[in-house]
Amino acid sequence: MKCRVCGRKAAVEVRRQGQAFCPEHYLEWFEHQVERAIRRHRMLRKSDRVLVAVSGGKDSIALWEVLRRLGYATTGLHLQLGIGGYSQRALEATRRYAGERGLPLIVVDLREAYRLSIPELAELTRRRTCSVCGLTKRYVINRVAVEEGFDAVATGHNLDDEASVLLGNVLHWQTDALVRQGPVLPAKEKLAKRVKPLYLLTEREILAYTLLRRLPYQHEECPFSVGAKSLLYKEALNRIEAQSPGTKQAFLEQYLKRIEPVLQAGLPAGEVALKACERCGYPTTGEVCAFCKTWDQAYRWARKKRILPGESVFAPEPALRFAPERPN
Amino acid sequence: MKVVLRTPDREERELKGPLRVAELLKRLNVVPEGVIVARDGELLTLDDEVGDQDTVEVISAVSGGRR
């Protein structure tokens, strides 16, 4: 197989586009795809201060690298979830990447900020780990972005993530979730703009980029992801993709272009109104937001089980400042 | 040849070469769309051939999970 640009031996095949590239032209192609997605959906302006949510995995590290190369002013945000050695190694990979390039990195340790780890939060509330983890991450990332005045939050969601979420929502006809899917979620009062610049690149393409750029990343998977439904959906979509290249992209893109607008138009008058949470002041549809409710509940049990002292009361304001670390 | 699977846990297999990468993945029952195959840090395409003396890495690209 030959590179479509220079004719040298190809290293990466992009079957959904019937193309293959040598390492040099693959990197060029990849970065151009991200730039094009940003421009097409007006995700970011060159003057924006961008908060990059970085787990330490290949997607978020690749995203940070491309945004840095495209000249955006980026700051990384890494959440320490407290999932044993896995979380430790995630932090090491993130610090190594940021340190090698002298990029600012904010680290929020949940145990320091809110006194409990994600596994403790899940156990105390008897809820699924991925559910309380997702809820907490979304809240803290938004809070940091709003309080520190960032123009947008960029996340490493890729084509496989987006297509598998879409498949899951379609299989269960979750219309409320379906209308919220898209590469850009605009800013609202106390809600930072969220963008997904990698949403049209597959995991395989992102891994190839990470390996060719020799970026440090955490290859290991979260121990709580074993048996996840989304992995089943990804596997199913990849089996279809192998037989019919381009299916994942068409599934997502055509949904966003042709179906989502119809669903949006069919919704009862307007969106559900957002109001300020009585506890923390951040947007919610109810009186108290899901984050405050969940953490309040965890604190009640933590007091009963004497994991936290009897006088401990949950406070949504974190017990630390969101300051970037000095690069190593 | 030695095949090192990182999907994502490390596992080693022995396969008889030479083989095209597409055939190698078929024998391992691995969907090509979910992995990158490399030899000494060089990324390979499905039509590349790997020999008996090679050490080949099969690295999983699939990540994440929400239950």
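The second largest pocket of this predicted model is lined by 22 residues, and those lying nearest its centre are A:Glu235, B:Thr7, B:Pro8, B:Ser60 and B:Val62. The volume of this pocket comes to about 530 Å³. Helix H10 of chain A gives the largest share of the lining, namely five residues, and when the lining is sorted by class it has ten nonpolar, seven polar and five charged residues.

The residues named at the centre of that pocket come from chain A and from chain B, which leads on to the contact between the two chains. Chain A brings 38 residues to this contact, while chain B brings 25 residues. The size of an interface is often expressed as the accessible area that is lost when the parts come together. For chain A and chain B the buried area is about 2,700 Å², with 57% of it on carbon and sulfur atoms. On the side of chain A, the residues that lose the most area to chain B are A:Arg204, A:His219 and A:Glu221, which together account for 21% of what that side buries.

Nine residue pairs are in polar contact between chain A and chain B, counting pairs in which both residues have pLDDT 80 or more. The elements of chain A that each give two or more residues to the side touching chain B are strand S1 (12-14), helix H2 (58-69), helix H7 (159-171), helix H9 (203-212) and helix H10 (229-243). By class, the residues on the side of chain A that touches chain B are 16 nonpolar, six polar and 16 charged.

Side chains of opposite charge can pair when their charged atoms come close. Across the interface of chain A and chain B there are three salt bridges, and a salt bridge joins A:Lys9 to B:Asp48, with 2.9 Å between the closest N and O atoms. Over all chains the count reaches 34 salt bridges. Among them is the pairing of A:Glu24 with A:Arg8, at 3.0 Å from N to O; this pair links distant parts of the chain, since A:Glu24 belongs to helix H1 (residues 23-40) of chain A and A:Arg8 to the segment before S1 of chain A, 16 residues apart.

The structure has three cavities of 30 Å³ or more, and the volume of the largest cavity is about 160 Å³. This largest cavity is lined by 16 residues, of which A:Arg204, B:Pro32, B:Val35, B:Leu44 and B:Leu46 are the closest to its centre. At least two lining residues each come from S1 of chain A and from helix H1 (21-27), strand S4 (35-39) and strand S5 (42-44) of chain B, with S4 of chain B giving the largest share, three residues. The lining of this cavity has eleven nonpolar, one polar and four charged residues.

Two details of the backbone remain. In chain B, the peptide bond from B:Gly17 to B:Pro18 is cis, with omega near -5 degrees, and B:Pro18 is placed in the loop between strand S2 (10-14) and strand S3 (19-20) of that chain. In chain A, A:Arg126 has a positive phi of about 55 degrees although it is not a glycine, and A:Arg126 is found in the loop between helix H5 (118-125) and helix H6 (129-147).

Key: Residues numbered from 1 in each chain as written. Chains lettered and ligands numbered in written order. Predicted model: local features only at pLDDT ≥ 70, side-chain atom pairs only at ≥ 80, totals over all residues. Heavy atoms only, no water. Contact = heavy atoms within 4.5 Å. Buried area = accessible area lost by both parts, 1.4 Å probe. Salt bridge = Lys/Arg side-chain N within 4 Å of Asp/Glu carboxyl O. Polar contact = N/O pair within 3.5 Å; in protein donor to acceptor, adjacent residues only side chain to side chain. Helix = DSSP H or I, 4+ residues; strand = E, 2+ residues; numbered from the N terminus. Nonpolar A, V, L, I, M, F, W, Y, C, P; charged D, E, K, R; others polar. 1 Å grid on protein atoms, 1.4 Å probe; cavity = no way out; pocket = protein on both sides within 12 Å on 5 of 7 lines; lining within 4 Å. Points joined across faces, edges and corners; volume = space filled by probe spheres on them.
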